[in-house]
Amino acid sequence: MNTKTLKYILKRILMAFITILAVITITFWSMQAIPGGPFTSEKAVSSETLARLNALYGLDQPKGVQYLNYLKASLSWNFGYSIKNSLPVMTIIQQDFPLSGIMGCIALLLALFFGILLGSLAATHQNKFLDRLIMVLSTASVAMPSFIIATFFLLFFCIQLKWFPASYSAINGPKALILPTLCLSLYPMAYITRLTRSSTLDVLNQDYIRTAKAKGLTNSKILFKHALRNSLTPVITYVGPEFAYIITGSLVVEQIFAVPGIGRDFTQSILNRDYPLIMGTTVFLTYLMVFMLLLSDILYKVANPKVELD
(Lines give C-alpha, C1' and ligand atoms only; values in the text may rest on other atoms or scores of the structure.)
Protein backbone atom coordinates (compact mmCIF):
# COMPACT_ATOMS: atom_id res chain seq x y z
CA MET A 1 0.00 0.00 0.00
CA ASN A 2 1.53 3.30 -1.08
CA THR A 3 1.54 6.51 0.91
CA LYS A 4 -1.20 8.16 -1.15
CA THR A 5 -3.59 5.24 -0.65
CA LEU A 6 -2.90 5.14 3.09
CA LYS A 7 -3.47 8.90 3.34
CA TYR A 8 -6.77 8.53 1.52
CA ILE A 9 -7.95 5.73 3.84
CA LEU A 10 -6.99 7.71 6.96
CA LYS A 11 -8.84 10.73 5.58
CA ARG A 12 -11.96 8.67 4.97
CA ILE A 13 -11.76 7.20 8.49
CA LEU A 14 -11.55 10.72 9.94
CA MET A 15 -14.55 11.83 7.90
CA ALA A 16 -16.45 8.74 9.08
CA PHE A 17 -15.68 9.61 12.71
CA ILE A 18 -16.89 13.19 12.22
CA THR A 19 -20.08 11.89 10.60
CA ILE A 20 -20.78 9.62 13.56
CA LEU A 21 -20.24 12.51 16.00
CA ALA A 22 -22.63 14.67 13.99
CA VAL A 23 -25.35 12.01 13.95
CA ILE A 24 -25.01 11.36 17.69
CA THR A 25 -25.28 15.11 18.35
CA ILE A 26 -28.29 15.64 16.09
CA THR A 27 -30.07 12.56 17.45
CA PHE A 28 -29.57 13.57 21.08
CA TRP A 29 -30.73 17.16 20.72
CA SER A 30 -33.65 16.12 18.50
CA MET A 31 -34.88 13.86 21.30
CA GLN A 32 -34.49 16.72 23.76
CA ALA A 33 -36.58 18.99 21.51
CA ILE A 34 -39.57 16.62 21.52
CA PRO A 35 -42.31 17.90 23.88
CA GLY A 36 -42.97 15.82 26.95
CA GLY A 37 -40.83 13.00 28.27
CA PRO A 38 -40.45 9.24 28.09
CA PHE A 39 -42.71 8.73 31.10
CA THR A 40 -45.57 10.99 30.05
CA SER A 41 -47.38 8.22 28.19
CA GLU A 42 -47.49 5.99 31.27
CA LYS A 43 -50.21 6.01 33.88
CA ALA A 44 -50.14 8.99 36.18
CA VAL A 45 -47.26 8.68 38.65
CA SER A 46 -46.41 10.70 41.69
CA SER A 47 -43.82 13.46 41.49
CA GLU A 48 -41.55 11.42 43.79
CA THR A 49 -41.71 8.38 41.50
CA LEU A 50 -41.10 10.56 38.44
CA ALA A 51 -38.08 12.12 40.12
CA ARG A 52 -36.65 8.68 40.89
CA LEU A 53 -37.19 7.54 37.30
CA ASN A 54 -35.46 10.63 35.95
CA ALA A 55 -32.56 10.10 38.34
CA LEU A 56 -32.30 6.41 37.36
CA TYR A 57 -31.90 7.27 33.67
CA GLY A 58 -29.82 10.40 34.26
CA LEU A 59 -32.56 12.70 33.00
CA ASP A 60 -32.33 14.95 36.04
CA GLN A 61 -28.88 16.22 35.05
CA PRO A 62 -28.26 19.36 32.96
CA LYS A 63 -28.69 18.87 29.21
CA GLY A 64 -25.03 19.51 28.52
CA VAL A 65 -23.95 16.86 31.03
CA GLN A 66 -26.45 14.38 29.57
CA TYR A 67 -25.06 15.05 26.09
CA LEU A 68 -21.43 14.51 27.11
CA ASN A 69 -22.34 11.32 29.00
CA TYR A 70 -24.31 9.98 26.04
CA LEU A 71 -21.57 10.92 23.57
CA LYS A 72 -18.97 9.06 25.62
CA ALA A 73 -21.23 6.03 26.08
CA SER A 74 -22.25 5.88 22.40
CA LEU A 75 -18.65 5.89 21.19
CA SER A 76 -18.07 2.83 23.39
CA TRP A 77 -21.25 1.10 22.10
CA ASN A 78 -23.05 1.59 25.40
CA PHE A 79 -26.52 2.93 24.59
CA GLY A 80 -27.98 2.56 28.05
CA TYR A 81 -31.13 0.68 29.06
CA SER A 82 -34.49 0.56 27.33
CA ILE A 83 -37.11 2.41 29.32
CA LYS A 84 -39.91 0.00 28.44
CA ASN A 85 -38.35 -3.40 29.10
CA SER A 86 -35.29 -2.47 31.23
CA LEU A 87 -32.91 -4.45 28.97
CA PRO A 88 -29.65 -2.95 27.71
CA VAL A 89 -30.24 -1.42 24.27
CA MET A 90 -27.19 -3.24 22.89
CA THR A 91 -28.65 -6.56 24.08
CA ILE A 92 -31.88 -5.84 22.18
CA ILE A 93 -29.89 -4.96 19.05
CA GLN A 94 -27.77 -8.11 19.35
CA GLN A 95 -30.90 -10.23 19.65
CA ASP A 96 -32.82 -8.76 16.72
CA PHE A 97 -30.24 -7.41 14.27
CA PRO A 98 -29.01 -10.85 13.02
CA LEU A 99 -32.44 -11.54 11.49
CA SER A 100 -32.46 -8.17 9.71
CA GLY A 101 -28.83 -8.70 8.70
CA ILE A 102 -29.54 -12.10 7.16
CA MET A 103 -32.46 -10.69 5.19
CA GLY A 104 -30.36 -7.74 4.07
CA CYS A 105 -27.39 -9.86 2.96
CA ILE A 106 -29.53 -12.28 0.96
CA ALA A 107 -31.53 -9.41 -0.58
CA LEU A 108 -28.32 -7.64 -1.60
CA LEU A 109 -26.83 -10.80 -3.13
CA LEU A 110 -30.01 -11.38 -5.12
CA ALA A 111 -30.01 -7.75 -6.24
CA LEU A 112 -26.36 -7.94 -7.31
CA PHE A 113 -26.64 -11.20 -9.22
CA PHE A 114 -29.85 -10.49 -11.10
CA GLY A 115 -29.18 -6.75 -11.44
CA ILE A 116 -25.81 -7.28 -13.13
CA LEU A 117 -27.18 -10.12 -15.25
CA LEU A 118 -30.25 -8.18 -16.45
CA GLY A 119 -28.26 -4.98 -16.95
CA SER A 120 -25.68 -6.81 -19.09
CA LEU A 121 -28.42 -8.45 -21.15
CA ALA A 122 -30.13 -5.10 -21.68
CA ALA A 123 -26.87 -3.47 -22.77
CA THR A 124 -25.97 -6.24 -25.23
CA HIS A 125 -29.51 -6.15 -26.69
CA GLN A 126 -29.81 -2.37 -26.85
CA ASN A 127 -33.09 -1.04 -28.29
CA LYS A 128 -34.41 -4.58 -28.80
CA PHE A 129 -37.45 -6.20 -27.19
CA LEU A 130 -35.46 -7.72 -24.30
CA ASP A 131 -33.85 -4.38 -23.50
CA ARG A 132 -37.18 -2.55 -23.47
CA LEU A 133 -38.84 -5.26 -21.35
CA ILE A 134 -36.07 -5.16 -18.75
CA MET A 135 -36.16 -1.36 -18.60
CA VAL A 136 -39.95 -1.28 -18.17
CA LEU A 137 -39.82 -3.80 -15.32
CA SER A 138 -36.89 -2.07 -13.62
CA THR A 139 -38.56 1.33 -13.88
CA ALA A 140 -41.74 -0.06 -12.34
CA SER A 141 -39.75 -1.63 -9.49
CA VAL A 142 -37.93 1.62 -8.77
CA ALA A 143 -41.12 3.69 -8.86
CA MET A 144 -43.21 1.39 -6.65
CA PRO A 145 -42.72 1.84 -2.87
CA SER A 146 -41.67 -1.22 -0.89
CA PHE A 147 -44.76 -1.17 1.33
CA ILE A 148 -47.02 -1.50 -1.72
CA ILE A 149 -45.00 -4.45 -3.03
CA ALA A 150 -44.99 -6.00 0.45
CA THR A 151 -48.76 -5.61 0.77
CA PHE A 152 -49.29 -7.17 -2.67
CA PHE A 153 -47.03 -10.12 -1.79
CA LEU A 154 -48.90 -10.59 1.48
CA LEU A 155 -52.33 -10.55 -0.12
CA PHE A 156 -51.48 -12.67 -3.16
CA PHE A 157 -48.93 -15.24 -1.96
CA CYS A 158 -49.98 -15.54 1.69
CA ILE A 159 -53.72 -14.99 1.77
CA GLN A 160 -54.87 -16.00 -1.72
CA LEU A 161 -52.43 -18.77 -2.70
CA LYS A 162 -51.35 -19.65 0.88
CA TRP A 163 -47.84 -20.54 -0.34
CA PHE A 164 -46.07 -18.70 2.47
CA PRO A 165 -46.92 -17.87 6.10
CA ALA A 166 -48.12 -14.34 6.72
CA SER A 167 -45.99 -13.83 9.82
CA TYR A 168 -42.71 -15.00 11.28
CA SER A 169 -42.44 -17.66 13.98
CA ALA A 170 -39.82 -20.08 15.28
CA ILE A 171 -41.46 -22.92 13.32
CA ASN A 172 -41.91 -21.31 9.91
CA GLY A 173 -38.98 -18.87 10.25
CA PRO A 174 -36.95 -19.56 7.06
CA LYS A 175 -40.04 -19.86 4.88
CA ALA A 176 -41.52 -16.69 6.34
CA LEU A 177 -38.42 -14.70 5.35
CA ILE A 178 -38.66 -15.47 1.62
CA LEU A 179 -41.24 -12.82 0.71
CA PRO A 180 -39.81 -9.94 2.79
CA THR A 181 -36.33 -10.73 1.43
CA LEU A 182 -37.61 -10.66 -2.15
CA CYS A 183 -39.45 -7.45 -1.41
CA LEU A 184 -36.27 -5.82 -0.08
CA SER A 185 -34.24 -6.96 -3.10
CA LEU A 186 -36.51 -5.56 -5.85
CA TYR A 187 -35.60 -1.88 -5.59
CA PRO A 188 -31.80 -2.34 -5.47
CA MET A 189 -32.05 -5.01 -8.17
CA ALA A 190 -33.83 -2.59 -10.47
CA TYR A 191 -31.40 0.22 -9.70
CA ILE A 192 -28.35 -2.00 -10.25
CA THR A 193 -29.89 -3.17 -13.54
CA ARG A 194 -30.13 0.40 -14.77
CA LEU A 195 -26.64 1.28 -13.50
CA THR A 196 -25.10 -1.77 -15.14
CA ARG A 197 -26.86 -1.14 -18.44
CA SER A 198 -25.81 2.51 -18.72
CA SER A 199 -22.19 1.93 -17.62
CA THR A 200 -21.84 -1.16 -19.84
CA LEU A 201 -23.09 0.78 -22.86
CA ASP A 202 -20.46 3.45 -22.18
CA VAL A 203 -17.71 0.84 -21.90
CA LEU A 204 -18.80 -1.03 -25.04
CA ASN A 205 -18.23 2.15 -27.05
CA GLN A 206 -14.61 2.50 -25.91
CA ASP A 207 -11.70 2.01 -28.33
CA TYR A 208 -10.25 -1.01 -26.53
CA ILE A 209 -13.57 -2.86 -26.93
CA ARG A 210 -13.48 -2.18 -30.67
CA THR A 211 -9.93 -3.53 -30.71
CA ALA A 212 -11.07 -6.68 -28.91
CA LYS A 213 -13.85 -7.15 -31.45
CA ALA A 214 -11.37 -6.66 -34.31
CA LYS A 215 -9.24 -9.44 -32.83
CA GLY A 216 -12.18 -11.81 -33.19
CA LEU A 217 -13.06 -12.26 -29.52
CA THR A 218 -16.56 -13.53 -28.79
CA ASN A 219 -19.17 -11.17 -27.38
CA SER A 220 -19.37 -13.10 -24.10
CA LYS A 221 -15.59 -12.95 -23.63
CA ILE A 222 -15.53 -9.23 -24.41
CA LEU A 223 -18.36 -8.62 -21.94
CA PHE A 224 -17.14 -10.69 -18.99
CA LYS A 225 -13.38 -10.26 -19.40
CA HIS A 226 -13.07 -6.66 -20.56
CA ALA A 227 -16.30 -4.69 -20.21
CA LEU A 228 -17.76 -5.72 -16.85
CA ARG A 229 -14.70 -4.91 -14.78
CA ASN A 230 -14.83 -1.25 -15.76
CA SER A 231 -18.59 -1.00 -15.98
CA LEU A 232 -19.15 -2.30 -12.44
CA THR A 233 -17.31 0.51 -10.65
CA PRO A 234 -20.53 2.59 -10.30
CA VAL A 235 -22.25 -0.51 -8.92
CA ILE A 236 -19.56 -0.92 -6.26
CA THR A 237 -20.06 2.64 -5.02
CA TYR A 238 -23.79 1.95 -4.82
CA VAL A 239 -23.64 -1.45 -3.10
CA GLY A 240 -21.86 -0.26 0.06
CA PRO A 241 -24.45 2.20 1.36
CA GLU A 242 -27.28 0.19 -0.21
CA PHE A 243 -26.72 -2.64 2.27
CA ALA A 244 -27.33 -0.21 5.11
CA TYR A 245 -30.30 1.25 3.23
CA ILE A 246 -31.78 -2.24 2.93
CA ILE A 247 -31.51 -2.72 6.68
CA THR A 248 -33.08 0.66 7.46
CA GLY A 249 -35.58 0.22 4.63
CA SER A 250 -36.77 -3.00 6.23
CA LEU A 251 -38.65 -1.03 8.90
CA VAL A 252 -41.97 -1.07 7.06
CA VAL A 253 -41.45 -4.49 5.48
CA GLU A 254 -40.73 -6.08 8.85
CA GLN A 255 -43.89 -4.54 10.26
CA ILE A 256 -46.02 -5.86 7.39
CA PHE A 257 -44.65 -9.41 7.62
CA ALA A 258 -44.32 -9.34 11.45
CA VAL A 259 -40.59 -10.09 11.33
CA PRO A 260 -38.94 -9.50 14.74
CA GLY A 261 -35.92 -7.59 13.43
CA ILE A 262 -34.27 -4.29 14.28
CA GLY A 263 -36.87 -2.49 12.17
CA ARG A 264 -39.59 -3.57 14.56
CA ASP A 265 -37.50 -2.39 17.52
CA PHE A 266 -37.06 1.05 15.96
CA THR A 267 -40.75 1.41 15.13
CA GLN A 268 -41.92 0.30 18.56
CA SER A 269 -39.37 2.53 20.30
CA ILE A 270 -40.90 5.57 18.57
CA LEU A 271 -44.44 4.54 19.50
CA ASN A 272 -43.36 3.90 23.11
CA ARG A 273 -41.23 7.08 23.36
CA ASP A 274 -38.34 4.85 24.39
CA TYR A 275 -35.59 7.46 23.99
CA PRO A 276 -32.57 5.22 24.70
CA LEU A 277 -33.76 2.62 22.19
CA ILE A 278 -34.55 5.28 19.57
CA MET A 279 -31.11 6.85 19.89
CA GLY A 280 -29.34 3.49 20.21
CA THR A 281 -30.81 1.99 17.04
CA THR A 282 -30.25 5.24 15.13
CA VAL A 283 -26.59 5.46 16.12
CA PHE A 284 -26.06 1.75 15.51
CA LEU A 285 -27.48 2.01 11.98
CA THR A 286 -25.27 5.07 11.47
CA TYR A 287 -22.22 3.01 12.40
CA LEU A 288 -23.33 0.42 9.86
CA MET A 289 -23.93 3.01 7.14
CA VAL A 290 -20.61 4.78 7.66
CA PHE A 291 -18.68 1.50 7.69
CA MET A 292 -20.26 0.33 4.43
CA LEU A 293 -19.55 3.71 2.79
CA LEU A 294 -15.93 3.48 3.87
CA LEU A 295 -15.66 -0.09 2.60
CA SER A 296 -17.19 0.80 -0.78
CA ASP A 297 -14.74 3.68 -1.23
CA ILE A 298 -11.81 1.35 -0.63
CA LEU A 299 -13.20 -1.37 -2.91
CA TYR A 300 -13.75 1.21 -5.63
CA LYS A 301 -10.02 1.80 -5.74
CA VAL A 302 -9.33 -1.94 -5.77
CA ALA A 303 -11.74 -2.52 -8.65
CA ASN A 304 -10.38 0.38 -10.67
CA PRO A 305 -6.70 1.06 -9.83
CA LYS A 306 -6.57 3.87 -12.40
CA VAL A 307 -8.94 6.05 -10.42
CA GLU A 308 -7.32 9.02 -8.73
CA LEU A 309 -7.68 9.21 -4.95
CA ASP A 310 -8.59 12.53 -3.37
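I call a residue buried when its relative accessible area is under 20%, exposed when that area is over 50%, and partly exposed in between (1.4 Å probe, protein chains only).

**Entry 1. Ground rules.** I note that the model is predicted, that local features need pLDDT of at least 70 and side-chain atom pairs pLDDT 80 or more, and that totals for chains, interfaces and linings use all residues. Residues are numbered from 1 along each chain as its sequence is written, and side-chain values use heavy atoms, with hydrogens and water left out.

**Entry 2. Overall make-up.** I took helices (H or I, at least four residues) and strands (E, at least two) as DSSP runs, numbered from the N terminus. The protein has 13 helices and 0 strands. Of its 310 residues, 43% are buried. I counted a contact where heavy atoms lie within 4.5 Å. Among contacts with a separation of 6 or more, 76% join residues 24 or more positions apart.

**Entry 3. Helix α4.** Helix α4 bends by about 40° at F97, and a proline, P98, follows within four residues.

**Entry 4. Aromatic pairs.** I paired rings of Phe, Tyr and Trp (its six-membered ring) if their centres lie within 6.5 Å; planes under 30 degrees apart are stacked, over 60 edge-to-face, and the rest tilted. The count by this rule is 15 aromatic pairs. One of them joins F97 and F284, edge-to-face, with 5.0 Å from centre to centre and 80° between the planes. F97 belongs to helix α4 (residues 89–124) and F284 to helix α13 (residues 275–303), so this pair ties together parts 187 residues apart in sequence. Both F97 and F284 are buried.

I also examined Y187 and Y191, whose ring centres are 6.3 Å apart with planes at 25°, so the pair is stacked. These two tyrosines are 4 residues apart in helix α8 (residues 178–204), a separation of about one helical turn. Y187 is partly exposed at 37% relative accessibility, and Y191 is partly exposed at 34%. Elsewhere, I found one aromatic cluster formed by F152, F153, F156, F157, W163 and F164.

**Entry 5. T193.** This residue also sits in helix α8. Is T193 buried or exposed? T193 is buried, with a relative accessible area of 2%. A polar atom of its side chain lies 3.5 Å from the backbone oxygen of G115. Leaving aside residues up to four places away in sequence, T193 touches F114, G115, L118, G119, I134, M135 and S138.

**Entry 6. Salt bridge.** I searched for a side-chain nitrogen of Lys or Arg within 4 Å of a carboxyl oxygen of Asp or Glu. How many salt bridges does the whole structure hold? The search finds 1 salt bridge. Its partners are the side chains of D131 and R197, at 2.8 Å from N to O. D131 lies in helix α5 (residues 129–143) and R197 in helix α8, so the pair ties together parts 66 residues apart in sequence. D131 is buried at 2% relative accessibility, and R197 is buried at 17%.

Definitions and conventions:
A polar contact is a pair of N or O atoms within 3.5 Å; within protein, one must be able to donate a hydrogen and the other to accept it, and residues adjacent in sequence count only if both atoms are side-chain atoms. The bend at a residue is the angle between axes fitted to the seven residues ending there and the seven starting there.
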